[in-house]
Amino acid sequence: MTSTWITTRAWLLMLPLLIVMVAIIGWPLVDTVRLSFTDAKLVGTEGSFVGIDNYVKILSGSNFQRTLITTFWFAVLSVSAEMVIGVLAALLLNQQFYGRSILRALMILPWALPTVVNATLWRLIYNPEYGALNAMLMQFGLIDAYRSWLGEPGTALASLIVADCWKNFPLVALIALAALQAVPRDITAASMVDGAGAWSRFRFVIMPYLAGPLMVALVLRTIEAFKVFDIIWVMTRGGPANSTRTLSILVYQEAFSFQRAGSGASLALIVTLLVTVLAVAYAALIRKSAGAS
Amino acid sequence: MERRSLTATILVHLAALLLLVVILAPVVWLFIMSISSTPDLIAKPLHWWPDTVDLSRYGVLLSSVANSAGEAFVASLFNSIKVAGMATVAALFVAVPSAWAVSRTPSVGWSLYAVIATYMLPPVALAVPLYMTLAWAGLLNNVFGLALVYLTILAPFTTWLMKSGFDSIPREIESAATMDGARLDQILRLITLPLAAPVMATAALFAFLLAWDEFFYALLFTSDQRAKTLTVAIADLAGGRVSDYGLIATAGVLAALPPLLVGLFMQRALIAGLTSGGVKG
C-alpha cells in the first residue's frame, strides 16, 4: 500500500464526521459571523448590513461590562474554591481511614447528578420560606429570621457558587487523587527520613506530580465556568436585579428573549473570542509547565 | 505506611466524616423531600425525617393519565431517551471510522485537533443559526432536530475518546492480519472493532449521559410534550407555579437515577476517562 492511498483512505473514513462537523458547527459559526454584522431579527426579517454597529453598542454598553465582571467573579471564585477544596479532599482520601473505599466511590455522586437536577436541588435548599438551609441555620441559632438567599443581590451569586462548587469539587478531587496515587511511596518515605515537614513535603515532593493533571482540570473548569448557563438559568435566571447574569444568559436574552439575532450573534462571538483567548493562553501555560517538569 | 499519632488518626477520621456529610447530605435530602408529605416539608421547624413515608409522588409522576403531571413527565422521559439514544448512535457512527483513521494515520492527526477545538466552543456561538435552520426545516420542537444538534457536542467528544481507545490497540495485530491476506473490512470487523468494544461501550455511555444532561439547546429548540426533554421539564417544574416541593424533588430523583447508577457502577472506567482528561467538567 502506498502512503498516498493510506492518506486518501484516512480522509475517506473521516468524511462522514467532517460533513457533519461542517454542516452543524462550521456553517452555523460562519453564519453567526455574518449575522453579527446585521440587524436581523430571530423570526421574520432578514435584516440589513450594519457594519460594526452591534459590536460598538455592546462593548460600550454598561450591560455587557457588568455581565463580564459577574462572569469573571463567578468563574474565578467557583473554580478556585473547587481547586482548593478538591486538592484537600484528595489529600484526605489518600490517607488511611475506615470506609475509605466507600467514600471514594461516593465522590462520584455530585458529578453524576445532572446539572439541572443539582440546580433544582439547591434552589429547594435555598428556598426562602421552607428551605433546608434556613431551617438548619435557624435550628443552630445562626440566623434569627429566614432569608431569601437567591432573592437578594448580596447573596445570590455566592449561593450559586456554593451550589456549583459542591457539584464540581469532587471531580477535581478524583483527578488529584489519581495523581497522588502515582507518587512513588519511597520518595515520600525518603523525604520524611530527610526531615521534611508536612508542608515542604507537599510543596516539593507531591506538588510536581499534581501540577500537570490539576492544570488540565483548571483549564477545563475555567472554560466551563466562563460558558456557564444551566445552573444559573434554573436557579435565578440571572436575577435578582441582574446580579447573577453571566455572558451566556445575556446572549440568550438578547437573541432569544428579545429576538435580536444580529446583536445576539455579535455578543455570542465576543464570548467565543474570550473563551478562545482563555483556551489558547492555558494551552501555552500547560505546554510550558509540561516542558519545565 | 507511615506511623500516625492517635490525634492525627482521629483528625483524619473526623475530616473524612465531614467530607462524607458534605457529599451525601444534599443527595439524601433530595430523596427525603421526595418521600415526605407536604405538611412535613413546610413544617417549622422543618421535619428532617418524615412522620410517614409518602411514595405517592412516584406514582403520580410515572402514571400516564391524560393531562396529568405524570403524562408530561413520562413524555419528557421518553423524549430524553429518544434524543440521547439517537444522538449517541449517530455520534458513534461518524466517530468510530474517523477515530480509527486518525489513530492509524498520524499525518491526518491535525484534523483531530480541529475537531476537539470545536468542543470548547460555547453553544451560544451556534445557537442562532441552528435555531433559524431548524425553524426553516420544520425541525423545531422535534426529537430528530434536537438529536442532530446534540451531535455538535457528542461527535467531537466520542471521536476523542475512541481515538485514545484505538491508540491502545497495537497496530501489529492489524499488520499481521494484513500479511495473512485479510482485507481491511475483515480486519476491522473481526479484529479491531471487537477489541475496541469496551472503549466503544464506555464512549456510548458517556455520550448518552452528556445528552441526558444537556439543557441549553433543549430549552431553546423544544416547546411542548412532543420534544421537551427531562432537563427542561424539571426546570419548568422548579421555576413554575408548582408549590409541591416534594414533586419537584421526585422528578429530580427520577432524572438523576440513571446517571447516578452508571456513576457508581462504572467508577473505574469513569475515573480512567476523567484522568485522561476526556470528560466534561
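Modeller: A definition comes before the counts. A residue is buried if 20 or more other C-beta atoms lie within 10 Å of its own, with C-beta atoms placed from the backbone. By that test, 43% of the 281 residues in chain B are buried. In chain A, 43% of the 293 residues count as buried. Keep in mind that this is a predicted model.

Now the build of each chain. Chain A has 13 helices and zero strands. The C-alpha atoms of chain A fill a box of roughly 75 × 75 × 30 Å along the principal axes. Contacts in chain A reach along the sequence: of those between residues at least 6 apart, 71% join residues at least 24 apart.

Chain B also reads as helices, with 13 of them and zero strands. The radius of gyration of chain B is 24 Å, well over the 19 Å that the globule rule gives for 281 residues, so chain B too is more spread out than a compact globule. Along the principal axes, the C-alpha atoms of chain B fill a box of roughly 75 × 70 × 35 Å. In chain B, residues 24 or more positions apart account for 71% of the contacts with a separation of 6 or more.

On to the meeting of the chains. The contact takes 78 residues from chain A and 76 residues from chain B. On the chain A side, helix α1 (residues 3-36) gives the largest share, 17 residues. By class, that side of chain A has 61 nonpolar, eleven polar and six charged residues.

Why does P129(B) count as buried? There are 21 other C-beta atoms within 10 Å, and the cut-off is 20 or more. P129(B) touches P28(A), D31(A), T32(A) and L35(A), leaving aside residues up to four places away in sequence.

Next, helix α6 (residues 115-125) of chain A. Its axis comes within 9 Å of that of helix α11 (residues 230-239) of chain B, and the two cross at roughly 15 degrees. Angles under 35 degrees count as roughly parallel, so α6(A) and α11(B) are roughly parallel to each other. The crossing is left-handed. From α6(A) come V116(A), V117(A), T120(A) and R123(A); they meet T231(B), I234(B), A235(B) and A238(B) of α11(B). By class, this contact has five nonpolar, two polar and one charged residues.

α6(A) also packs on helix α12 (residues 245-265) of chain B. Here the axes are 10 Å apart and the angle is about 155 degrees. Angles over 145 degrees count as roughly antiparallel, so α6(A) is roughly antiparallel to α12(B). This crossing, too, is left-handed. α6(A) brings V117(A), T120(A), L121(A) and L124(A). α12(B) brings Y245(B), I248(B), A249(B), G252(B), A255(B) and A256(B). By class, the contact of α6(A) with α12(B) has eight nonpolar, two polar and no charged residues.

V117(A) and T120(A) take part in the contact with α11(B), and V117(A) and T120(A) take part in the contact with α12(B).

Conventions. Residues are numbered from 1 along each chain as its sequence is written. Chains are lettered from A and ligands numbered from 1 in the order in which they are written. This is a predicted model: local features need pLDDT of at least 70, side-chain atom pairs count only at pLDDT 80 or more; totals for chains, interfaces and linings use all residues. Axes are lines fitted to C-alpha atoms, for helices over the stretch in contact, and angles run from 0 to 180 degrees between N-to-C directions. Helices (H or I, at least four residues) and strands (E, at least two) are DSSP runs, numbered from the N terminus. Angles under 35 degrees count as roughly parallel, over 145 as roughly antiparallel, 65 to 115 as roughly perpendicular and the rest as oblique. A crossing is left-handed if the near helix is turned anticlockwise from the far one by less than a right angle, and right-handed if clockwise. Two residues are in contact if their C-beta atoms, placed from the backbone, lie within 7 Å. Ala, Val, Leu, Ile, Met, Phe, Trp, Tyr, Cys and Pro count as nonpolar, Asp, Glu, Lys and Arg as charged, and the others, Gly among them, as polar. The radius of gyration is taken over C-alpha atoms; the globule rule is 2.2 Å times the number of residues to the power 0.38. A residue is buried if 20 or more other C-beta atoms lie within 10 Å of its own, exposed if 12 or fewer, and partly exposed in between; C-beta atoms are placed from the backbone.
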